[in-house]
Amino acid sequence: MKIKKIETQNKYERKKSIKFIDNFCRTILSVLVSICAILILMVMPFYFQEGYTHIGTDKSYFFRTGIMRMAKLILPVLAVWLACILTEFLIHREKGMLKSRAADMRRRLVTTDIFCFLYFIAVIVSYFCSDYKQTARWGTRGWFMGMFPQLALVAIYFLLSRFQLREKWIFWLCLPVSAVTFVLGYLNRFDIWPLSMPNSGLPLYISTIGNINWYCGYITAVFFLGVGLLWLDKGTKRSYTALLSIYVFTGFAALITNGSDSGLFALSVVLFVLFILSARDEDILKIGRFWLIILLLAGAGLVTMGLRFMFPGRFNYTTRLGDLLTCSPFPVILLGIGALGLWLAKPRDKRITIARHVMKAMRIAARILCVAVPAGMLVFVLMIAVNTMRPGTLGPLSDKSIFTFNNAWGSHRGATWSIGLRCFGEQNPLHKLVGVGPDCMSDFLYTDASPALLETVREAFEGRRLTNAHCELLTLLVNVGIWGGLAFAGILFSVLKRFLSAREHNAYAAACGLCVLAYFANNLWSFQQSMSVATIFAVMGLGERFLRRERDSDSGR
């Protein structure tokens, strides 16, 4: 009896020691993970060394150096924590509780976790099967999106979703940080450069992010946090609504003037989804918030139009879509629609009946749009295909460049997409599955591609080096193959489904979901780079943490 009592006491002491070490490791990890989040979301947007000269490379080096240094701190603590978990399992096995604990851990895994794990393995396999391991390890010079950065992205998601203890604090700090970049970018468009940096004044560089494509990628990865919160705002505090409205107005002003049309495509996709989700909801206030967002977009366009009229010649970069929102009657029409929708959606006095009719009309319109938009896109693609194969088939429309798919189509997306597809087509079956190696598309092109393909690249880009297909999923298909491409797509789509489905009870997670939607839409036309992809994985980690925290509190943990 005495021996059993001593054994029981020893087990109790071991459990107590393990629990202490477990809590200590979690605390240290939460601090280190918070530092990682701060570096990515609050320091990296402002980091540069030589102004705009090598700002993209500077940020890539910052991300590369940062993850290496943080890994040296995090991995030992993580190893001790995992050892505690394993020891606890062994103790529970003696009590016959191992199966129940394992089942509990499986229940806590979500679809996104599985896709992240599959992507993690796919990147490693792609590296070991690559013929360009020196490049695949860290990635093409200047971009550095090779194996280690890709693995770091998955680690960022898992660490933030499991160990972040102050997720709301981190979340809210993203808004003022990004707002500063928005204001700087907007001023830059009017040739005002508050920061003295080398190459300031060149229209292709903007804010503290760099190239307009990098800047647009960053905006889409973080701006819609504010849009999501405003959309789901309950209206209990006017000051809260006012601050969010100012942020959203500032973000819209930056987005419509940054100079990249892919951002406006992402904006249209998000607004379309918001309209559909608002129409399906019974909450009149949510519908009102949607129309408020439309008003803020119209306001940003009208203010920009007024400034362009007052200071002609100051606006230093524009596109056709940008002019539509800042130099045409369109924002005036948008303002009228938004104002009418907001007024009709107010459930006050006799207007409550009108508001209900508006909701019914929106639901009908949403059903129509859910059919009309995909059908319209299909017709558009068919028109391009027919006119490309048989020029002149569309009559007067045949002369429009948008209806002829060639190297110049879509700001040379025709060239980059066709080259990307040909890269994939020229790979052997193994590399079709696992890719040529993380961030190794250019190595394949200039080393092992067919002479015909290489000649096409040289003709299309006049000696400039092509490193990606200007479509994230297509580039991943070449670099990490079908396995990696599908796993990455699975990450994004599973996050979208889970986060947006949580909009009724978790506004923070839903706001993160809108960022993922905008990021995906933008990167159909753009590329993966350290600033935007690190931001979106951090946002996904925060969103998952919000959901896990909610689930744990509901279960009493």
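Buried means under 20% relative accessible area, exposed means over 50%, and partly exposed lies in between. The exercises below apply this and a few other cut-offs to a predicted model.

**Exercise 1. Is aspartate 323 buried, partly exposed or exposed, and which residue is its salt-bridge partner?**

Solution.
Step 1. The relative accessibility of aspartate 323 is 23%, so this residue counts as partly exposed.
Step 2. Aspartate 323 forms a salt bridge with arginine 308, and the closest N and O atoms are 2.9 Å apart.
Step 3. Aspartate 323 belongs to helix α13 (residues 320-326) and arginine 308 to helix α12, so that the pair, 15 residues apart, links distant parts of the chain.
Step 4. Arginine 308 has a relative accessibility of 18% and therefore counts as buried.

**Exercise 2. Describe the salt bridge between glutamate 167 and arginine 549, and state where each partner lies.**

Solution.
Step 1. A salt bridge requires a side-chain nitrogen of Lys or Arg within 4 Å of a carboxyl oxygen of Asp or Glu. The N to O distance for glutamate 167 and arginine 549 is 3.0 Å, and their side chains meet in a salt bridge.
Step 2. Glutamate 167 is in helix α7 (residues 167-189), whereas arginine 549 is in helix α23 (residues 530-554). The two residues are 382 residues apart and link distant parts of the chain.
Step 3. With 6% relative accessibility, glutamate 167 counts as buried; with 34%, arginine 549 counts as partly exposed.
Step 4. Glu167 and Arg549 also belong, together with Arg545, to a network of salt bridges.
Step 5. The count by this rule is 6 salt bridges.

**Exercise 3. Which residue forms a salt bridge with arginine 289, and are the two partners buried or exposed?**

Solution.
Step 1. The partner of arginine 289 is aspartate 233, with 3.2 Å between the closest N and O atoms.
Step 2. Arginine 289 is in helix α12 (residues 284-310), while aspartate 233 is in the loop between α9 and α10 (238-257). The pair is 56 residues apart and links distant parts of the chain.
Step 3. Arginine 289 and aspartate 233 are both buried.

**Exercise 4. Determine how helices α9 and α11 are arranged, and which residues meet between them.**

Solution.
Step 1. Helix α9 (residues 224-231) packs with helix α11 (residues 261-280) at an angle of about 20 degrees, and their axes are 13 Å apart.
Step 2. Because angles under 35 degrees count as roughly parallel, α9 and α11 are roughly parallel to each other.
Step 3. Their crossing is right-handed.
Step 4. From α9, Phe224, Val227 and Trp231 meet Leu267, Val270, Leu274, Leu277 and Ser278 of α11. By class, this contact has 7 nonpolar residues, 1 polar residue and no charged residues.

**Exercise 5. Where are histidine 412 and aspartate 439 found, and what is the phi value of each?**

Solution.
Step 1. Histidine 412 is in helix α16 (residues 409-425). Its phi is positive, about 70 degrees, although histidine 412 is not a glycine.
Step 2. The relative accessible area of histidine 412 is 34%, so the residue is partly exposed.
Step 3. Aspartate 439 is in the loop between α17 (429-434) and α18 (441-447). The phi of aspartate 439, near 60 degrees, is likewise positive in a residue other than glycine.
Step 4. Aspartate 439 has a relative accessible area of 9% and is therefore buried.

**Exercise 6. Locate threonine 456 and name its contacts beyond its neighbours within four places in sequence.**

Solution.
Step 1. Threonine 456 is in helix α19 (residues 451-461).
Step 2. At 18% relative accessibility, threonine 456 counts as buried.
Step 3. With neighbours within four places in sequence left aside, threonine 456 is in contact with Ile419 and Arg422.

Key
Residues numbered from 1 in each chain as written. Predicted model: local features only at pLDDT ≥ 70, side-chain atom pairs only at ≥ 80, totals over all residues. Heavy atoms only, no water. Axes fitted to C-alpha atoms, helices over the stretch in contact; angles between N-to-C directions. Parallel < 35°, antiparallel > 145°, perpendicular 65-115°, else oblique. Left-handed = near helix turned anticlockwise from the far one by under 90°. Contact = heavy atoms within 4.5 Å. Nonpolar A, V, L, I, M, F, W, Y, C, P; charged D, E, K, R; others polar. Buried < 20%, exposed > 50% of the residue type's maximum accessible area, 1.4 Å probe, protein only.
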